[in-house]
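Here is a short report on one protein model.

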Amino acid sequence: MAIMAAASHFVGLDVGGTTMKAAVVDGDGKVYPSASLRTNPERGQDAGLETMGETIRQSVAAAKLTLADIAAIGVATPGLMDIHAGLILDPPNLKPWKNVPVRDRIASMFGKPTAFQNDANAAAFGEKWTGAGRGAHSMVMFTLGTGVGGGIILGDTIVEGKHSHGGELGHLRIDRPDHGRLCGCGARGCLEAYASATAVTRRAREEMASWRGPTELKEFFTANDDELTAKVIFDLAAGGDACALKVVDDTAYFLALGACTAIATVDPEVIVYGGGMTDAGEWFRAKIDADVRRFGLPFPAKSVRVVFAELGSDAGFIGAAACAKRLAG
Ligand SMILES: [Zn+2]
């Protein structure tokens with residue numbers, strides 16, 4: 001009698017506002033070529049669920065496998081969501097989707113156990129499995145984009161919280177709630193209002209308005225206002241521009257304040273930063289690292305590792321696959 005190989009592969013799907021991306025990952029974390037389709041949320045949630053199914057099917061084909069090889073599926077989506085119920089609630093970048101039972105619909109579409117997770121948590125879980133946090137006992141991840149996402153992983157546990165808002169580290173309070181900068185969540189003083197890519201460009205505009213002395217940042221701004229991005233600011237800082245450097249130094253400082261709160265809360269082995277800003281590389285990491293040592297709770301802040309993510313935008317679907325693997329046991 002032929003021995004049947006048990007299904008030992010997992011599909012991770014990461015749904016974003018613009019595109020969704022899926023790939024098969026095997027039990028050892030080997031990633032197969034991915035498939036990507038446009039999300040087109042404006043076509044409605046039924047079309048969206050069909051596109052999710054198609055992206056999953058294409059990823060299995062891209063891996064030259066069949067559905068029989070797949071043990072479980074993991075889906076990561078942006079908030080707002082109810083992780084425990086498997087529901088997308090009302091996420092701003094997937095309008096007009098509302099109360100979409102993603103987990104159960106995908107599970108019945110494929111007849112496979114299906115895990116459901118927040119995209120920032122999934123990215124952290126992916127980095128923990130095969131990226132910058134691999135082998136660590138515990139990790140906290142900050143994802144720096146137009147907002148600041150977060151994820152906390154303790155052992156094999158993702159801190160989801162009672163209301164699926166666990167690990168929302170962009171909303172750690174680092175400044176006064178009465179006078180601080182206004183955050184997208186409606187509160188003041190959140191980390192996101194200081195250290196997201198959007199916040200970095202806003203602070204740069206303020207900095208150069210009052211800057212005395214030469215700065216290329218101001219010249220760039222005057223000539224190409226619309227193109228002022230965090231990348232431009234980081235590039236000028238790397239080139240030694242004093243005003244841009246001040247903006248980057250402050251960014252590292254604000255990020256370190258957030259990290260210090262996380263250190264005092266969970267005492268992680270490693271703190272991981274991901275997102276476009278980390279393309280700046282080692283000199284920026286070293287600035288955050290130095291401020292963490294300086295301002296963090298002395299003992300844990302001395303030994304915590306501060307690192308940049310390794311999986312880029314693949315972290316979301318790799319983490320979704322890791323959730324599927326965990327579900328399959
Ligand atoms: Zn906030």
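Helix H9 (residues 282-295) lies across S11 and S12 and runs at about 155 degrees to S12. Helices (H or I, at least four residues) and strands (E, at least two) are DSSP runs, numbered from the N terminus. Contact means heavy atoms within 4.5 Å. Axes are lines fitted to C-alpha atoms, for helices over the stretch in contact, and angles run from 0 to 180 degrees between N-to-C directions.

This is a predicted model: local features need pLDDT of at least 70, side-chain atom pairs count only at pLDDT 80 or more, and totals for chains, interfaces and linings use all residues. Residues are numbered from 1 along each chain as its sequence is written, and side-chain values use heavy atoms, with hydrogens and water left out.

Five strands make an open sheet with mixed pairing, in the order S10-S9-S8-S11-S12. Two strands pair if DSSP finds at least two bridges between them. Strand S10 (157-158) and strand S12 (305-308) stand at the edges with a single partner strand each, so one side of each has no neighbour in the sheet.

Strand S8 (residues 138-144) and strand S11 (residues 270-274) run parallel, joined by five bridges. Val-140 has Ile-271 as its bridge partner in S11. Phe-142 has Tyr-273 as its partner in S11. S8 and S9 run antiparallel, with seven bridges. They form a hairpin with three residues between them. Met-141 stands opposite Gly-151 in S9.

Is S8 mostly covered or mostly uncovered? S8 is mostly covered, as six of its seven residues are buried. Buried means under 20% relative accessible area, exposed over 50%, and partly exposed in between (1.4 Å probe, protein chains only). Helix H8 (residues 242-266) lies across S8, strand S9 (148-154) and S11, at about 155 degrees to S8.

**The other sheet**

Another open sheet of five strands has the order S3-S2-S1-S4-S7, also with mixed pairing. S3 and strand S7 (114-118) stand at the edges, each with a single partner strand, so one side of each lacks a neighbour in the sheet. From one strand to the next, the twist averages 20 degrees.

S1 and S4 run parallel, joined by six bridges. Gly-12 has Gly-74 as its bridge partner in S4. H2 packs on the sheet, touching S4 and S7, and its direction makes about 150 degrees with that of S7. H3 lies across S1, S2, S4 and S7, at about 105 degrees to S7.

**Pockets**

Rolling a probe the size of a water molecule over the atoms shows where empty space is left. On a 1 Å grid over the protein atoms alone, a pocket is an open set of points where a 1.4 Å probe fits, with protein on both sides within 12 Å along at least five of seven lines; lining residues have an atom within 4 Å of a point. Grid points are joined across faces, edges and corners, and a volume is the space filled by probe spheres set on the points.

| Pocket | Volume | Largest share of lining |
|---|---|---|
| Largest pocket | about 1400 Å³ | H3, five residues |
| Second largest pocket | about 220 Å³ | helix H7 (residues 230-238), five residues |

The lining of the second largest pocket divides into eight nonpolar, three polar and three charged residues.

Most residues other than glycine have a negative phi, and most peptide bonds are trans. The peptide bond from Gly-79 to Leu-80 is cis, with omega near 0 degrees. Leu-80 sits in the loop between strand S4 (70-77) and strand S5 (81-82). Lys-95 and Pro-96 are also joined by a cis peptide bond, with omega about 5 degrees.

Asn-40 has a positive phi, near 45 degrees. Asn-40 is buried, with a relative accessible area of 16%. Ser-164 has a positive phi too, near 65 degrees. Ser-164 counts as buried, at 5% relative accessibility.

Key. Ala, Val, Leu, Ile, Met, Phe, Trp, Tyr, Cys and Pro count as nonpolar, Asp, Glu, Lys and Arg as charged, and the others, Gly among them, as polar.
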